[in-house]
There are 2 protein chains.
Amino acid sequence: MRTRPLKVALLGCGVVGSEVARIMTTHADDLAQRIGAPIELAGVAVRRPSKVREGIDPSLVTTDATALVKRGDIDVVVEVIGGIEPARTLITTAFEHGASVVSANKALLAQDGAALHAVAEQHGKDLYYEAAVAGAIPLIRPLRESLAGDKVNRVLGIVNGTTNFILDKMDSTGAGYQEALDEATALGYAEADPTADVEGFDAAAKAAILAGIAFHSRVRLDDVYREGMTEVTAADFASAKNMGCTIKLLAICERAGDGGSVTARVHPAMIPLTHPLASVRGAYNAVFVESDASGQLMFYGPGAGGAPTASAVLGDLVAVCRNRLSGATGPGESAYAALPVSPMGDVVTRYHISLDVADKPGVLAQVATVFAEHGVSIDTVRQTGKDGEASLVVVTHRASDASLSGTVEALRKLDTVRGVASIMRVEGE
Amino acid sequence: MRTRPLKVALLGCGVVGSEVARIMTTHADDLAQRIGAPIELAGVAVRRPSKVREGIDPSLVTTDATALVKRGDIDVVVEVIGGIEPARTLITTAFEHGASVVSANKALLAQDGAALHAVAEQHGKDLYYEAAVAGAIPLIRPLRESLAGDKVNRVLGIVNGTTNFILDKMDSTGAGYQEALDEATALGYAEADPTADVEGFDAAAKAAILAGIAFHSRVRLDDVYREGMTEVTAADFASAKNMGCTIKLLAICERAGDGGSVTARVHPAMIPLTHPLASVRGAYNAVFVESDASGQLMFYGPGAGGAPTASAVLGDLVAVCRNRLSGATGPGESAYAALPVSPMGDVVTRYHISLDVADKPGVLAQVATVFAEHGVSIDTVRQTGKDGEASLVVVTHRASDASLSGTVEALRKLDTVRGVASIMRVEGE
C-alpha cells in the first residue's frame, strides 16, 4: 500500500460536509485499505470560520475556497456547498488545477452537468455525484455501470423525502396537505420555505440527472415537466383508495413513442397499492427501473440526511481515489444517444378525472362525447349525486397528455360541468 | 473511439449464455459507444455443438473450451457454465493467457473466490461476478463500490427465487409445502431436483459471497450455517400471521458480538409484515443492507432468468472492457479486515417456539423455568388447549443460538412436553 496520502479538499462543512470529515477520520484505516493509500483532509472551506467544528483541525479551515482548489496538490475536491455559484466555478477551477471532483450538488449537475463533464474530460479527471440523487441509495453507479449492457426504458422514482413524508401522512391519517406539511416542518422533514420540495423543483433536478444517465442523452432541467403536490387533497386520497391506489410525487423518465425520444416529468400520480413504490413510507426514497433484459429493479433507502449523503460521497471518494492511483478515470458523461426530449403533450398515460356536474339526465352522455371527440377512451366512470349536484369520476385508458388537456378544456366549456375538481395521472400499472 | 474490437469468448451457451450472445449482437452499437470500442464474439464453447443456436455464427462454436481460453487474443472470457469444474480450470487458464473474466458462477465463487482473485491479481486481470448473486440486481457493485466508504453491519436477503415463490404461495393460499413446490415445478420455477434451492445450498453460496464483500473478509461456503425450508408448515404461517409476520428463507450476514467477528447463515425466519422484505413476492429477490452511515438500503429485482442474468453479465462485461482500454483493473478481492467467522451458536436473535404440552396445571411454570435456567428471556407466551393437550407458543427476547439450543434440548426432556412442533427465528425487527 502506498504510504503517501491522497489529499482531499472539502468545500462546505454543513450537515453533509461535517459527516464526511467525521467518517474520513473515524474510518481512516478502513478507507486506506479500500483505496490502497491513506487519504488526508488537506483543507476545509467554510463561510463561517468561527463556528466550532468538532474533530476538525482549526488550521485546516479557510474561507478562501478558491485558493484551496488552486493549491495544485489536491487530489480530490469534495463539493458539498450546493447551489450554482460559487460551486460551479470552484469545481471548474479544481479540474484546471489537477483535482478530480466528488459533488452532491443536484441543482448544479442538472443545470450544467454537460459542461462540467466536458471540463473534467478535458483535464482527464473524474466527476462523480452519487450523492446528488436519492442520498445514500446507490443509483447513479448502478444505472451507469451495472446496467451499461442493458436498455433502460423507464425510471420511476420517489426522489424527494419531504413530499413523500407529507403524502404518506395524508394517506395514513386522512390529514389535509397543510396539516401534513406542518407536521413535516415540526419534525424537521420540511424546510421553513418548502417550495423547492413541494413544488417539485428538487425532484425535477434529480429527474434530469437520472434521465440523462439512463438514456445516454442530455436532459436539461428545463426539459423536465413539473407539477408540485400542494393541490393534492384528502378527497384525492379517498378516490385513490377507491381505485386500490395511493398517491406519490413521482419523477418519471421514459422512452417516448417508438423510442426515438424521451420524456421527463415530475408530478403527483396515483399508483396501485401492489406496486413496490406504493409501500415506500415516510421520508424514504425509492427508484424503480425498467429495462429490456433485467426487467424491474428497485433501489430503496434514505434519500437525504447528513450521514446517508456522506456515505454516498465517501463511496465516490474511494472510487475516485482508486482511479487516481491507477491513473485511470471512471465512466464520464455518456450522451452519445442524443435522444431529443419530447414535450409533455406527447406523454401517454392514464388519467383519473373528478368532475362536479349538474345532476340531470344526459350529462354523462355529454361528457362521454367530449372524451370520444378527443380520442380519449374511457375505462370506468363512477357517478355519485346529491342535492342536484353530482360528481363524475372518469378513469381513462392510455391517452396522450395533449389529448387529455384538450378534453379537459372542452369539458370546462360544458354548461353542465360546474368544475374540474382534480386531474391526476395513474402510473405504474 | 477505438475501431479494433475487443474479443470476447463465451463459455456456455445455455439460458444465460444465449441471451448474452443475443444482446451482444442486437445492442452492438450501444455497447461499443458505452465501452469506447466495439466488442466481438470470438468463440463460443459448448458441450453439444450440433444444437442450433439462433443468431450465433456456427464457425464460432467449439467444444474445446480450453483451446478457446488459451488463444491468447481473447480480452474477456465470459463463464456461464456453472459448477466447479471445468469452470475453475478454464477461468484460471484464461487469466494465465491474458484474459479478464466475467462469471455468473456462485458455487465456484463461494468455494474458490479467494484463489481465483489471487490468480486474477497475479496476472493483473479483472474478475467480475455481479450475476453470481441475485441475478439482475446490482448488488456486488453497490456493496464493493458504492458502500466502500461506509461500514456495513448486516445483509439480510431473499436470494433464492424458487423458495420465495414457494413460501409466498404458502402464505397467500394456505397451501402446504409439497403443494406449493409442485406448483413451482409445474411453472418452471423449481427444478426437477429442487434440493439446491429448498435445502438452502444455493442461498448459502450467495451468503458466503455477500458476507465476504460486505465485511472485507473471507467467508467460505463451509462457514455458512444452513437450514432448508422443507419443514415449514401451514401452521407456521398461521403462527407468523398471529405475530404480524410472514416467513421468508433469508440469507443473513452480520457482525457478531462486539464487531470482531461475523456470522453467515441461511434459514427460514419470521419477519414483520412491515419490513420491506416481507412484501417481496413470487420469484423476486431482494437484499436489505444496514450500514453505519447510509442506514437501511434495499435492492430488489428478478433474481434469476436468462435475460436478467445476462443483463448483469453485460454490465460487468462493459466495465471489464473499459478497464482493458484504460489499462486499469477494477476493485479486486478486499479481505484485509480478516474477521473470523463465529459459529451459529454465537448468533443472537429472537425465537418463536411452538410446543405440544400436557394440558395440566404447572406446565407453563415448568417450561418457563427451563427458559430461565438457560438465560433465555421470554417475551410472550400463548397457551391454547383442547382435549387434554395444549399448545404453547413462546416468543423469546434476543438470545444466543447456543442458549436456545440448550433450552430446547432441556424442554424435550420434560415429561409434560410431548413434542417441539417448530422452532423459528424472528428477524428484521
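I start with R350(A). Leaving out residues up to four places away in sequence, R350(A) touches D379(A), V395(A), T396(A), H397(A), R398(A), M424(A), R425(A), V426(A) and E429(A), where contact means heavy atoms within 4.5 Å.

Before going on, the conventions. This is a predicted model, in which local features need pLDDT of at least 70 and side-chain atom pairs count only at pLDDT 80 or more, while totals for chains, interfaces and linings use all residues. Residues are numbered from 1 along each chain as its sequence is written, chains are lettered from A and ligands numbered from 1 in the order in which they are written, and side-chain values use heavy atoms, with hydrogens and water left out.

Back to R350(A). It is found in strand β13 of chain A, residues 348-358; helices (H or I, at least four residues) and strands (E, at least two) are DSSP runs, numbered from the N terminus. Is R350(A) buried or exposed? R350(A) counts as buried because its relative accessible area is 15%, and buried means under 20%, exposed over 50% and partly exposed in between, with a 1.4 Å probe and protein chains only. One of its contacts is polar: the side chains of R350(A) and D379(A) are paired at 2.7 Å. A polar contact is a pair of N or O atoms within 3.5 Å; within protein, one must be able to donate a hydrogen and the other to accept it, and residues adjacent in sequence count only if both atoms are side-chain atoms. R350(A) and A269(A) are 81 residues apart along the chain, and their C-alpha atoms are separated by 9.9 Å.

Next, helix α1 of chain A. It covers residues 15-26, so 12 residues by count, and reaches 17 Å from first C-alpha to last, close to the 16 Å expected at 1.5 Å a residue. The expected span is 1.5 Å times one less than the number of residues. Which residues of α1(A) are buried? They are V16(A), G17(A), E19(A), V20(A), A21(A), I23(A) and M24(A). As background, an α-helix has 3.6 residues a turn, so residues three or four places apart point the same way. The partners of the buried residues of α1(A) are β1 (6-11), α2 (28-35), β2 (39-45) and α12 (306-326) of chain A.

Now the interface. On each side, 47 residues are involved: 47 of chain A are in contact with 47 of chain B. The buried area is about 3,800 Å², with carbon and sulfur atoms giving 55%; this is the accessible area (1.4 Å probe) that two parts lose on being put together, summed over both. R34(A), Y300(A) and Y336(A) supply 17% of the area that chain A buries against chain B, more than any other three residues.

How many salt bridges does the rule find across this interface? There are two, a salt bridge being a side-chain nitrogen of Lys or Arg within 4 Å of a carboxyl oxygen of Asp or Glu. R141(A) and E145(B) form a salt bridge through their side chains, at 3.6 Å from N to O. On the side of chain A that touches chain B, α2, α6 (140-146), β11 (284-291), β12 (295-302) and α12 each supply at least two residues. α12(A) gives the most, with eight residues.

Last, some backbone details. A cis peptide bond joins E85(A) and P86(A), with omega about 10°, and P86(A) lies in the loop between β4 (76-79) and α4 of chain A. In chain B a cis peptide bond joins E85(B) and P86(B), with omega about 5°. Two residues of chain B other than glycine have positive phi: A134(B), near 60°, and H216(B), near 50°. A134(B) is in the loop between β6 (127-128) and α6 (140-146) of chain B and is buried because its relative accessibility is 1%. H216(B) is in the loop between α10 (201-215) and β8 (225-226) of chain B, and at 6% relative accessibility H216(B) is buried too.

That is the end of the tour.
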